[in-house]
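User: Hi! I'm new to this structure and would like a friendly walk through a few of its residues. Could you help me read it?

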Amino acid sequence: DIVILFKHSTSCGLSSMMLRRFQQLWGHAAADASFYILDVIRYRDLSNTIASRYQVMHQTPQVLILKGNRLLAHASHSGINELRPEQFKKTPD
């Protein structure tokens, strides 16, 4: 299954704006993936663990797209707008 992880800082206006845009763009894709929002202020240790595991520098806002143990894509800040749900439709392994 595809997992979409949005790393969000509740103290950052840009992060809040990108979260709203992301939800608008990706809301219809709920049937194709599991979505999680990670509050990086509250769960910074988990965010750092994810960054280390997938070799992706910690940033917010940031989206990671995972399948199994593989990182399919990631983007941060305005680069999040470049990710499109249709790129990551459920496919057989």
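Analyst: Happy to! Serine 76 has its place in strand β4, which covers residues 70–76. Please keep in mind that this is a predicted model.

User: Is serine 76 buried or exposed?

Analyst: Buried means under 20% relative accessible area. Serine 76 has a relative accessibility of 18%, so it counts as buried.

User: Which side chain makes a polar contact with the side chain of serine 76?

Analyst: Let's start with the residues around it. Leaving aside neighbours within four places in sequence, serine 76 is in contact with Gln59, Pro61 and Gln62. The polar contact, at 2.9 Å, joins the side chain of serine 76 to that of glutamine 59.

User: How are the rings of phenylalanine 6 and phenylalanine 22 arranged: stacked, edge-to-face or tilted?

Analyst: The structure holds four aromatic pairs. In the pair of phenylalanine 6 and phenylalanine 22, the ring centres are 5.3 Å apart and the planes are at 45°, so the pair is tilted.

User: Which parts does that pair tie together?

Analyst: Both phenylalanine 6 and phenylalanine 22 are buried. The parts they tie together are 16 residues apart in sequence, because phenylalanine 6 lies in strand β1 (residues 2–8) and phenylalanine 22 in helix α1 (residues 13–26).

User: What kind of aromatic pair do phenylalanine 22 and phenylalanine 35 form?

Analyst: Phenylalanine 22 lies in helix α1 and phenylalanine 35 in strand β2 (residues 34–39), so this pair ties together parts 13 residues apart in sequence. Their centres are 6.4 Å apart with 65° between the planes, and the pair is edge-to-face.

Terms used
Residues are numbered from 1 along each chain as its sequence is written. This is a predicted model: local features need pLDDT of at least 70, side-chain atom pairs count only at pLDDT 80 or more; totals for chains, interfaces and linings use all residues. Side-chain values use heavy atoms; hydrogens and water are left out. Helices (H or I, at least four residues) and strands (E, at least two) are DSSP runs, numbered from the N terminus. Buried means under 20% relative accessible area, exposed over 50%, partly exposed in between (1.4 Å probe, protein chains only). A polar contact is a pair of N or O atoms within 3.5 Å; within protein, one must be able to donate a hydrogen and the other to accept it, and residues adjacent in sequence count only if both atoms are side-chain atoms. Contact means heavy atoms within 4.5 Å. Rings of Phe, Tyr and Trp (its six-membered ring) pair if their centres lie within 6.5 Å; planes under 30 degrees apart count as stacked, over 60 as edge-to-face and the rest as tilted.
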